[in-house]
Amino acid sequence: MDAPSPRPLMLNGLMILIGAFGVAAVGGGVFHLLGFPAAWVSGSTVAIAIAALFKMPVEMPNRLRDGVFVLLGISMGSGVSPETVERLPHWPISLMLLAVTVVGVTLSTTLFFRWVARWSWRTALFASVPGAMSYVIALAVETNADLRRVSIAQTVRLMMLIVALPVAIAGIAPAAGVVVPPIHTAGPIDMAILLVVGTAAGLAAHKLRVPAGLLTGAFLSSALLHGAGIVTTNLPQWVLIPCFLAIGIVIGERFKGTDLDMLRQALVASLGGFVVGTTFAGLGVIAVIWLTDIEFGQAALAFAPGGLEAMIALSFALAVDPAFVAAHQLFRFVAIALAMPAVMGALERRFGSPKI
């Protein structure tokens with residue numbers, strides 16, 4: 001009996017992929033219009049998760065996923081600038097306290113998810129790492145962590161902070177004529193430099209078996225290029241938005257076979273984790289206010305365990321020193337990006353290979 005022709009299989013896979021991107025685009029677009037944080041990621045994740053729950057065929061090819069990770073790593077590195085790097089040494093006490101706070105938030109929340117919610121160690125860890133959602137999910141993809149619980153916990157924390165922080169800060173630092181600088185996108189030369197160097201660094205890190213090497217290598221090379229002032233622009237939105245949709249598909253497809261009871265339990269656990277992590281972050285805010293002359297609004301946004309882009313955007317909206325907030329959020333992001341591969345290596349030695 002003849003084997004089935006690969007052409008119909010490829011065509012079927014292409015149609016499934018197009019359908020998934022269509023659903024993801026609708027979800028991301030709706031969230032974007034409603035003003036949700038990280039709209040294209042969170043909206044596409046929700047839409048694909050719903051589609052998966054209703055048994056719609058959803059699948060992301062591994063090669064395409066890997067390419068998306070390289071592009072996201074390049075984009076994440078664009079948050080570094082010579083000015084930000086230059087100002088980092090000006091706040092040694094607050095940066096030191098931030099490092100301690102990040103460790104405390106991650107550890108306390110991980111223990112909560114592990115001991116109270118009874119999640120696996122890897123799921124608990126990835127659900128707890130603050131302020132690097134896309135990077136953490138990219139790392140978690142390579143392990144047997146439950147991406148459904150990880151994405152729910154990360155999204156709940158981000159959305160709760162977006163709602164709560166403006167209310168807490170508005171009376172202390174009301175918005176007053178802050179102008180948000182334009183976002184410059186890469187021209188052909190800058191884009192070529194970013195793509196060539198980022199891809200080469202990602203492949204090299206992958207070959208060296210660095211966890212999430214494609215994303216980590218691309219991120220570090222992009223950060224160096226931007227920090228040195230060689231490149232000062234980011235990839236255009238027409239490149240980044242499809243990448244965010246792809247991440248939503250990667251996360252959402254893991255909801256196949258999930259029941260509503262599991263969703264309810266994950267949401268309840270995520271709210272508990274948010275309370276634990278935010279409480280520890282609050283202790284860091286109190287400490288930095290007590291030891292320095294930094295105001296509450298600055299400290300709250302700089303130490304908030306939310307997304308890098310979201311917290312910086314809030315700093316502009318609330319007229320809270322964007323340079324200070326950006327420097328601290330970026331310091332945390334880079335520290336997490338550098339530390340997580342080592343942490344994953346330790347987990348592998350302790351619990352065995354995390355590969356699915």
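Q: What volume does the second largest cavity have?

A: First, the ground rules. This is a predicted model, where local features need pLDDT of at least 70, side-chain atom pairs count only at pLDDT 80 or more, and totals for chains, interfaces and linings use all residues. Residues are numbered from 1 along each chain as its sequence is written, and side-chain values use heavy atoms, with hydrogens and water left out. A cavity is a set of points, on a 1 Å grid over the protein atoms alone, where a 1.4 Å probe fits but cannot get out; lining residues have an atom within 4 Å of a point. Points are joined across faces, edges and corners, and the volume is the space filled by probe spheres set on them. Here the second largest cavity has a volume of about 40 Å³. The count is 3 cavities of 30 Å³ or more.

Q: Which residues line the second largest cavity?

A: The lining consists of T109, F113, A127, A153, V156, R157, S270, G273 and F274. Two or more lining residues come from each of α5 (92–116), α8 (147–169) and α12 (260–291). Helices are DSSP runs (H or I, at least four residues), numbered from the N terminus. By class, the lining has 5 nonpolar, 3 polar and 1 charged residues. Ala, Val, Leu, Ile, Met, Phe, Trp, Tyr, Cys and Pro count as nonpolar, Asp, Glu, Lys and Arg as charged, and the others, Gly among them, as polar.

Q: Is helix α13 buried or exposed?

A: Buried means under 20% relative accessible area, exposed over 50%, partly exposed in between (1.4 Å probe, protein chains only). In α13 (residues 296–303), 7 of the 8 residues are buried, so the helix is largely enclosed by the rest of the structure. Those buried are G297, Q298, A299, A300, L301, A302 and F303. By contrast, F54 counts as exposed because its relative accessibility is 70%. F54 lies in the loop between α2 (39–53) and α3 (62–77).

Q: How many salt bridges does the whole structure hold?

A: A salt bridge is a side-chain nitrogen of Lys or Arg within 4 Å of a carboxyl oxygen of Asp or Glu. The search finds 4. D66 pairs with R65, with the closest N and O atoms 3.4 Å apart. D66 is partly exposed at 24%, while R65 counts as buried at 19%.

Q: Which residues are linked in a network of salt bridges?

A: D146, R148 and R149. D146 meets R148 at 3.0 Å and R149 at 2.5 Å, N to O. Both D146 and R148 are buried.

Notes:
On a 1 Å grid over the protein atoms alone, a cavity is a set of points where a 1.4 Å probe fits but cannot get out, and a pocket is an open set with protein on both sides within 12 Å along at least five of seven lines; lining residues have an atom within 4 Å of a point.
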